[in-house]
Amino acid sequence: MTLRRIFIIATICFFGMGLLISQANAFKGSYKVGAVFSVTGRASFLGDPEKKTVEMLAEKINAAGGINGKKLELVIYDDEGDATKCNLAVKKLITRDKVCAVIGPSLSGLSLAVIPVAEQNKTPLVSCAASYKIVHNEKTGKPYHWVFKTPQSDSMAVKAIYTHLKNRGITKIAIMSVTTGYGASGRSELIRLAPEFNMNIIADEKYGPKDTDMTAQLTKIKGMAPAAIVNWSIGPTQVTMIRNWKDLGMTAIPLYQSHGFGSRKNIELAAGAAEGVLCPLGACNIAELLPADHPQKSVTMDYLKSYTAKYNEPLSSFGGHGWDALQLVVDALSAAGDDKAAIRDYLEKKKGFVGQHGIFNFSPDDHNGLTKAAFSMVIVKDNDWALVD
Amino acid sequence: MEKITLASQLLQYLITGLTVGSVYAMVAVGFNIIYNVTEIINFAQGEFVMLGGLIMVFMNVAMGLPLILAFLATIILVTLVGILMDRLAIRPIRRPSVLTLIIATIAVSILIKGTASFIWGKDPFDLPAFSGRNPITFLGAVVQPQYFWVIGFLIVTAVALSIFFDRTIIGKAMSACADNPNAASLVGINVKQMILLSFALSAAIGAVAGITVTPISLMEYDRGAMLAVKGFGAAILGGLGSFPGAILGGLIMGSIESFGAGLISSGYKDAFALIVLLVILFFKPSGLLGSIEISRIKRF
Amino acid sequence: MLRIAKLPIAVFALAIMVFPWTAHRIPAIEHYPDIMVFAGIYCLITMGLSLLMGYAGQISIGHAAFFGIGAYISAILTTNYGMNPWACMVIGMAVTAVVAVLVGAPSLKLRGHYLAMATLAFGIIIFIIFNEEIEWTGGPDGMSGIPGLTLFGFEFNSVERYYYLVWGFVIAAFIFTVNVIQSGTGRALRAIHASEPAARAMGVDVSRFKILVFVYSAVLASLAGSLYAHYLNFVNPATFDLFFSIKLLIMIALGGMHNIWGAIVGTGLITFLSNEWLYYFEEFEVIVYGAILLFVTVLLPDGLAGVPGIVKGWFRK
């Protein structure tokens, strides 16, 4: 009986503490910015580096004296890739934490899900997700008033790949994708843009995010003999897929991966099988390869060095989106203060912002501000990236 | 590159299906060992597989232990986890109902997954293949050497288990608990110890599955749940409690997925396996090799 | 537990009514009504499920699918065809009922773990369909732009308004469910749980009752799905995956299976744990969640609904 008593008392204390902690609040003279990322769960490959990046950046800004002498206070919630949690988190940031802007969410679907919340509460939202629909209201044909995004759209990655294929004279391709939001969005762009580049998609194969083997799908593709394969996935499956491609003796068919392949960790995991794999990457993933006079050279090198030093892990493709989003909001705060409408207006007029994933030029018609030039094609050579052309 | 013939393609689907199916079969065998003694479906079974893979990576790659030593050390560690699970989570439950026990195994699986993500992070890990990565070509189909290890270990496991349950005293005692725990305890079998043993055994088998599949598919902290679901499907398909059924069920599930992906639609491949499972259940409610009498005796 | 007193229901309803008013005045819990909306939506599902599992003794690990069917039917019919949301809600419930009969009739002949697997398989198949039929469902990225609810020009466009709408449904469904439990149907269900052959011998049409309660729980889940879709203005498949079905089981087991109050307490607790309270543990969140779950199962075999009995036991000693 005592054990139960202890247990019940412990439970009461535990929730009591939760209430107390949640009441600790407000640092005087600070700018409060909210962030919602999928730090754990199915999309942790996005949210985890994003969270680490923005925490690092905020630390750096505060160490250098903050913004206009005020402290940058970051409130980060983890949505776990779940629509309900994401919706609750954004509303909580706005109504309870009273932040002046929100960065994130990490996933396209979840970003679309919280657009109404941002619009209703008139709060600037800088999404870290790729979908074009986030900054394009289908009903008006214009961007949503309060919503921006920093990643390149998937269509830009697809265009970079298709341009490369076209230049090689390849038109008969097979596509593979993982059955998650990431894969499905890439797949739909691949199919949508195929006619524009005269691409003939002869096979359209899929696999689950936890599958152990893609030999069956690749065998089917092998039987159809395409001139190239484009694979859109993330996580362990994109590595397994490369190994299966090598084992089946298909290296004569060039393999293109999405920009999600942009971590050196993947080359390492493929254990030599990734040799010759191509993918489009943003500047921050190939910082070392950029010429010294490249406008993004110093920004990306700085990020690369401080991230790898602090967290002791290779840079992924996605942390940079968090960097771009927070730095944009910080620029807005230092120029316009923490009035929500002023931040929004500042962002919409921002030109020539040098970020991790490109040089952003926003306008009332473009709340993304990037062009296809934000991607460069790279190839895996001697277990490292090398620029193509 | 020469074009692949249809026959070679079909052979390739079969080989892939049997390999993937072998892993499901091993998970299903693990389910059955615990189910037979306790009537519990242990939803943490997939976590044993995940732990097997990740601990093996730690032993073999990070610690640099030779393959056989690392293999043994991994199995011992995962077995310990299985034993701890029984002692800390299953045995202390008062007045256990089957659903309470199932929820307890779900809680354990959440705990193990959370701890694994804390120790290893969220990234996948690789393990070198046991005998290299140079694929063998066979009648136009390609076989990775690791496939032989996966299928081989399934056969070894199956043979070892049948010897254990048919020929040894302890094995017979466990089977007795499976048939009738009250009668077993009346003839002096320590049922509690048998339950402990069943958790240890199925954790060990889960670890073997994880160790052998990691060189093919990598391993990360949240792989367990999906493997548990597929393994559960395999165990049900073959008939809960039947070891030959579990192996048959696993191989069938793996093959349907592989042929379904290759011949019909890769997006719906998991659904095909489950639809076949449902249809079989509707016609034979106790699975392919399960006996209806046993499923009557088992309470829920 | 057959008798359920009226007084606690009245107290409960009153507490629900004044909660937003109180929460609004305490800054630390200002956003709690928002979480309560979801708790209410989940309560609709777990009440039906508790009737199915705790009273009729049939397990289901596939109710996320019925929740999803309701949500997607509302989403698709309102966004793509501009239909009236209330009509869609009813259509969703009707379609779900048909699906539940089709799935339930063969499945409910299965027993124990076989039934668990059949419902689990059904849930995963529906989840795959939500993911794959991109033209209809938007695929893994989901559907956005689902309209909110209005009634005679009154818009349910704030947290408070939606809160009262959802909890209105919950209390109505609760009273209805309690009446079912206390009627002859409830007795028949409990007889089935205790022993099917005995129930059959006493002239209870076992399979009819099992299907009836299965359909009832599915329809409640569908209603919850429609309410969810119109509140979030968004649906995606991940909300309706296997893990949500398991979470529903956990809610019921945690609260106490054999008591309808248990479903409500368990649902509220899990909703707040996973959406709010555990946030402070950051990377330990999952571990703490698992540990709480394990402690409750080990120490409170009757779930939280058993706590009053334990407390009474202390005083008696």
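1. Basis. The model is predicted; local features need pLDDT of at least 70, side-chain atom pairs count only at pLDDT 80 or more, and totals for chains, interfaces and linings use all residues. Residues are numbered from 1 along each chain as its sequence is written, chains are lettered from A in the order in which they are written, and side-chain values use heavy atoms, without hydrogens and water.

2. Extent of the interface. Chain C contributes 45 residues and chain A 41 residues to the contact (heavy atoms within 4.5 Å). About 3700 Å² is buried between the two chains, 63% of it on carbon and sulfur atoms; buried area is the accessible area (1.4 Å probe) lost on putting two parts together, summed over both.

3. Charged pairs. Three salt bridges link chain C and chain A (a side-chain nitrogen of Lys or Arg within 4 Å of a carboxyl oxygen of Asp or Glu). One of them joins C:Glu132 to A:Lys206, with the closest N and O atoms 2.5 Å apart.

4. Source of the chain C side. Helices that each supply at least two residues to the side of chain C touching chain A include H2 (32–55), H5 (112–132) and H13 (285–299). H13(C) gives the largest share, six residues. Helices are DSSP runs (H or I) of at least four residues, numbered from the N terminus.

5. C:Ala39. This residue lies in helix H2 of chain C. C:Ala39 is buried, with a relative accessible area of 1% (buried means under 20%, 1.4 Å probe, protein chains only). Leaving aside residues up to four places away in sequence, C:Ala39 touches C:Trp167, C:Thr267 and C:Thr271.

Note on methods: Buried < 20%, exposed > 50% of the residue type's maximum accessible area, 1.4 Å probe, protein only.
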